[in-house]
Amino acid sequence: MEHSVFGLEEQNVNLSSKIVVSLEKISEVFRVLLWQQTKAFGLSPIQIQILIFIQTHDLQLNKVSNLAREFNLTKATISDAVRVLEQKGLIEKLRNETDSRSYSISLSEKGKEVAEKVALFSNSLKTTIDSFTDQNQLDLWNSLFSILTDFQKKGVLSLQRMCLNCKYHNSDSPTGHYCTLLKTLLEQKDLRIDCPEHETN
């Protein structure tokens, strides 16, 4: 019989259960940090995440359908968030010349200012990780990358631009990772989960 990882008796005797609960607590840290920004800027968490995504990605990715895949939400939910962001003057819709129903989203000048500020919400968590030794950071990265890869393969996560599903990735190398675009061996720490040069196999 399976036991819930949240049961205290299970947690106290099973290290993997403790780790799962710890990851849940870390997701709570993100929620708290995001909610602090919502109060400061009058935006919902998903609106903040959309602004940050638009700020950091190419225009071709900044479409409602892609944002829905990126955040594992419905197009209707993303469309509602985009509508509010447009009403607040934070984004602009750039219509497709060949298809009037299709548009990309860019930040307005006001949107750029807000995005720069809200994108700093997770820096306190980075400060904590910066205090780890290089080896501890690498061990943590290896573990997290393995978890993300597993859930991407299971279809739970939409990691569309990671090295392992890129046409430039070649596993036939001494390190198990070689980028044919950059023409270089990749160590585990070099692997990306969001690469601007990514192309699907």
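Reader: Is Phe-145 buried or exposed?

Author: This is a predicted model, and in it Phe-145 is buried, with a relative accessible area of 3%.

Reader: Where do Trp-141 and Phe-145 lie, and how many residues apart are they?

Author: Both belong to helix α8, which covers residues 134-153, and being 4 residues apart there, Trp-141 and Phe-145 are separated by about one helical turn.

Reader: How many aromatic pairs does a search of the whole structure find?

Author: The search finds 3 aromatic pairs. One of them is edge-to-face and brings together Phe-30 and Phe-121, with 6.1 Å centre to centre and 70 degrees between the planes.

Reader: Which parts does the pair of Phe-30 and Phe-121 tie together?

Author: Phe-30 lies in helix α2 (residues 15-41), whereas Phe-121 is in the loop between α6 (109-118) and α7 (123-130), so the pair ties together parts that are 91 residues apart in sequence. As for accessibility, Phe-30 is partly exposed at 33%, while Phe-121, at 13%, counts as buried.

Reader: And back to Trp-141 and Phe-145: what are the distance between the ring centres and the angle of the planes?

Author: The ring centres are 5.2 Å apart and the planes stand at 55 degrees, so this pair is tilted.

Reader: What sits over the ring of Phe-151?

Author: The charged end of Lys-154 does, at 5.0 Å from the centre of the Phe-151 ring.

Reader: Changing topic to α6, which of its residues are buried?

Author: The buried residues of α6 are Gly-111, Val-114, Ala-115 and Val-118. Viewed down the axis of α6, they fall within an arc of 100 degrees, so they line one face of the helix. These buried residues pack against α2, α3 (45-56) and β2 (103-107).

Reader: Which residues are exposed on the other side of α6?

Author: On that other side, Glu-109, Glu-113, Glu-116 and Lys-117 are exposed. For Glu-113, the relative accessible area is 53%.

Reader: How far apart are Glu-113 and Phe-132, in sequence and in space?

Author: Glu-113 and Phe-132 are 19 residues apart in sequence, and from C-alpha to C-alpha they are 31 Å apart in space.

Reader: Now the sheet: what is the order of its strands?

Author: The order is β3-β4-β5, with 3 strands forming an open sheet whose pairing is antiparallel. At the edges stand β3 (169-170) and β5 (184-185), each with a single partner strand, so one side of each is left without a neighbour in the sheet.

Reader: Stepping back, how many helices and strands does the chain have?

Author: The chain has 8 helices and 5 strands, and along the sequence they follow the pattern α-α-α-α-α-β-β-α-α-α-β-β-β. Of the 201 residues in the chain, 31% are buried.

Conventions:
Residues are numbered from 1 along each chain as its sequence is written. This is a predicted model: local features need pLDDT of at least 70, side-chain atom pairs count only at pLDDT 80 or more; totals for chains, interfaces and linings use all residues. Side-chain values use heavy atoms; hydrogens and water are left out. Rings of Phe, Tyr and Trp (its six-membered ring) pair if their centres lie within 6.5 Å; planes under 30 degrees apart count as stacked, over 60 as edge-to-face and the rest as tilted. Helices (H or I, at least four residues) and strands (E, at least two) are DSSP runs, numbered from the N terminus. Buried means under 20% relative accessible area, exposed over 50%, partly exposed in between (1.4 Å probe, protein chains only). A charge sits over a ring if NZ of Lys or CZ of Arg is within 6 Å of the ring centre and within 35 degrees of the ring normal. Two strands pair if DSSP finds at least two bridges between them. The arc is that of the directions from the helix axis to the C-beta atoms. Contact means heavy atoms within 4.5 Å.
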